[in-house]
Structure formats: structure tokens, C-alpha cells
Amino acid sequence: MSSQHSSFRSLTATVALAGVLAAPLRAQVTPRALLIVQEPLAGSPGRKVNTIERIAPNHAGGVLASVSTNDLVTSNDPRDVIWGSFGDTSFTRLVRTDPSGPLALSAIDEIPAENAGVLAYIARSGPDALVVRDGAVVAREGEPTAPGGATWTSDLVGLKVDAAGDPWFRGRYLGASSGVGLFRGLAPVFVAGDTLMGMPGTVDQGGAPFPGYDVTEDGAHWLAVVRSTAGAGRHSPACVPDLPGRDVQHLPPGGDRFIRALGRLGRDAERVHRP
């Protein structure tokens, strides 16, 4: 069997699994494929699936997918699509790229791993990045809605949505106050120059947005790998928990590889603070 066929079978199995996860745990269901590459896209007449970028469940019992599509007949006219359902079996196209549409979307960059029944994503409008929640732009590259009236740059990444439906993202901004930060909507959680609990120095203003973060499901607590202005090196990363009594974990050179531990740390944090 060719590697291409092997990859296709693996992909189909993954999509079928998403169909099982979308159903209530008590129900007896038969796994079925929701999306198949080169097959028609349900709820989007005249379109077929080209690639499946990401599949994500949500807190409302549904599933979303980021999909690239082509014209069903000609295989031309490529468009990115967010497809899925928020809690039933009526799977359909929810968002598509369209230069002539209200947001003039040209590409879908990210959908969150989970959501609370809200449609949040990071996309492109021409060259500009934007964070969108239920059709409304939260932050857009080039607009002066960052801290202190600063302007957002293209580094709008790392989208997450908590159980309240609030979008979290990492962003870089330029202006009288320039730097990077973690944001919940437009409210800064921390930004460049802030002093964080137990971390020497302050959040560094240089370099790309800090490597990674996680947030508890209820949005009450977060953890982040933050580059500080102090430590073993100017950009020494530290894993900073928003948790009283927890020590900052200073990472060794090359410590960015420990970012993958954030998911586990986030779940630990949630268990600690769950009543």
C-alpha cells in the first residue's frame, strides 16, 4: 500500500472518530466519516474537500473543522472553510473565505481546540491578520485597539476559547507602548514590561510572541512560557503559573521544547482550583 493511501486511511479514521466524540457518551453510535478528501462537502453545494486542516470538538456537543475546498467540477477556485455543527447533526459550512464578503477573508489560519458554542477563529483579510468571534472582529492587524492605542501587527496567534466563550490570543503591538502580550478579548492578561509573580525581571518586549500558554476551561487561571529580561540569558524563558503558592519554573537554554507540557500543567491547575 502506498504511503499516500496509508495517510488517507489514517485521515478518514480520524474524521470518523470525531463523529463518535460529537455524540453523547451514553448513546450507542456507529462511527462514520464526516469529511472525506476529494468528496463533496456537505452543506456547501458545488464544493469538494481538498485538505482537512484541523478538527475540534466544542463544549456544546458539536464539532468544527477547518477545511480547504475546491470547485467540485473544475477543482479550481480554492477557498478555506470552517465547517461543522454546534450541537446536532446538521453539519454545514459556517464560514468561507470570500474577498467580496463582509470581512473580505482570504485565508483561515486557526480555529481553537475547543469552544463554548461560539464561532471564533484567526483569519487573513488580504495580508492582515484578524481575530474574529461570531462574525465580529476582536483584533485586526493595523488597527489601533492594542494597549495604549498601539497598533496590532501580524503576530496574532494561539487562539483559545474558554467555557464563557471568550477568545484568548497572543499578540504583538507597536506604538508608544510596544511589545507582546496575552489577551482575553481586548483585555490584557499580561503585556511587555509587566512584572509577573515570582519571575525575575519583566516580560521582555523583543522577539516573537512568547512561546506558548494554556488556560483552564473556566478561564479563571492560565500558565505561560514567558521570555523575561533577567535570568541565565536576556530571553531566559520561564513557565509562569497564575496560581498562588506555585513556583515559577525557570527553563534551561533550549527550554522552549517543554512548551508541550503546558497542556498537562493546565489540566493540573484546573484540578487544583476545582471546588
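A residue is called buried when its relative accessible area is under 20%, exposed when that area is over 50%, and partly exposed in between (1.4 Å probe, protein chains only). The views below come from a predicted model, in which local features need pLDDT of at least 70, side-chain atom pairs count only at pLDDT 80 or more, and totals for chains, interfaces and linings use all residues. Residues are numbered from 1 along each chain as its sequence is written, and side-chain values use heavy atoms, with hydrogens and water left out.

View 1. Helices (H or I, at least four residues) and strands (E, at least two) are DSSP runs, numbered from the N terminus. Two strands pair if DSSP finds at least two bridges between them. Strand β2 (residues 63–71) pairs with β3 in the antiparallel sense over 7 bridges. Across this pairing, Thr69 stands opposite Arg79 of β3, and Val67 has Val81 of β3 as its bridge partner. Strand β4 (residues 92–96) also pairs with β3 in the antiparallel sense, over 4 bridges. Here Val81 stands opposite Arg96 of β4.

**View 2. The open sheet that contains β3.** The 4 strands of this open sheet follow the order β1-β2-β3-β4, with antiparallel pairing. Strands β1 (47–57) and β4 are the edge strands, each of which pairs on one side only. Neighbouring strands of this sheet are turned against each other by 30 degrees on average, direction ignored; axes are lines fitted to C-alpha atoms, for helices over the stretch in contact, and angles run from 0 to 180 degrees between N-to-C directions. Strands of a sheet pair through backbone hydrogen bonds, either parallel or antiparallel.

**View 3. A second open sheet, with β9 and β12 at its edges.** In this open sheet, 4 strands are arranged in the order β9-β10-β11-β12, and the pairing is antiparallel. Strands β9 and β12 (187–191) stand at the edges with a single partner strand each, so one side of each is left without a neighbour in the sheet. The twist from one strand to the next averages 30 degrees. Inside the sheet, β10 and strand β11 (residues 179–184) pair in the antiparallel sense over 6 bridges. Arg170 stands opposite Leu182 in β11.

**View 4. The largest nonpolar core.** A nonpolar core is a set of buried Ala, Val, Leu, Ile, Met, Phe, Trp, Tyr and Cys residues joined through side-chain atoms within 4.5 Å. The largest has 18 residues, and those with the most contacts inside it are Val131, Ala139, Trp152, Leu156, Phe169, Tyr173 and Phe183. At least two residues of this core come from each of β6 (120–125), β7 (128–133), β8 (136–140), β9 (151–161) and β10 (167–174). Strand β9 gives the most, with 4 residues. Contact means heavy atoms within 4.5 Å. Leaving aside its neighbours within four places in sequence, Val131 is in contact with residues including Tyr121, Ile122, Val138, Leu156, Leu159 and Phe169. Another core, of 13 residues, lies apart from the largest one; Ile82, Leu105, Leu119 and Val132 are among its members.

View 5. Rings of Phe, Tyr and Trp (its six-membered ring) pair if their centres lie within 6.5 Å; planes under 30 degrees apart count as stacked, over 60 as edge-to-face and the rest as tilted. By this rule the count comes to 7 aromatic pairs. The rings of Trp152 and Tyr173 have centres 6.4 Å apart and planes at 85 degrees, so this pair is edge-to-face. Trp152 lies in strand β9 and Tyr173 in strand β10, so the pair ties together parts that are 21 residues apart in sequence. Trp152 counts as buried at 2% relative accessibility, and Tyr173 is buried with a relative accessible area of 2%. Phe169 and Phe183 form a stacked pair, 5.6 Å centre to centre with 20 degrees between the planes. This pair links distant parts of the chain, as Phe169 lies in strand β10 and Phe183 in strand β11, 14 residues apart. Both Phe169 and Phe183 are buried. Trp152, Phe169, Tyr173 and Phe183 form one aromatic cluster.

**View 6. The whole chain.** The secondary structure of the chain comes to 2 helices and 16 strands. Of the 275 residues in the chain, 43% are buried.
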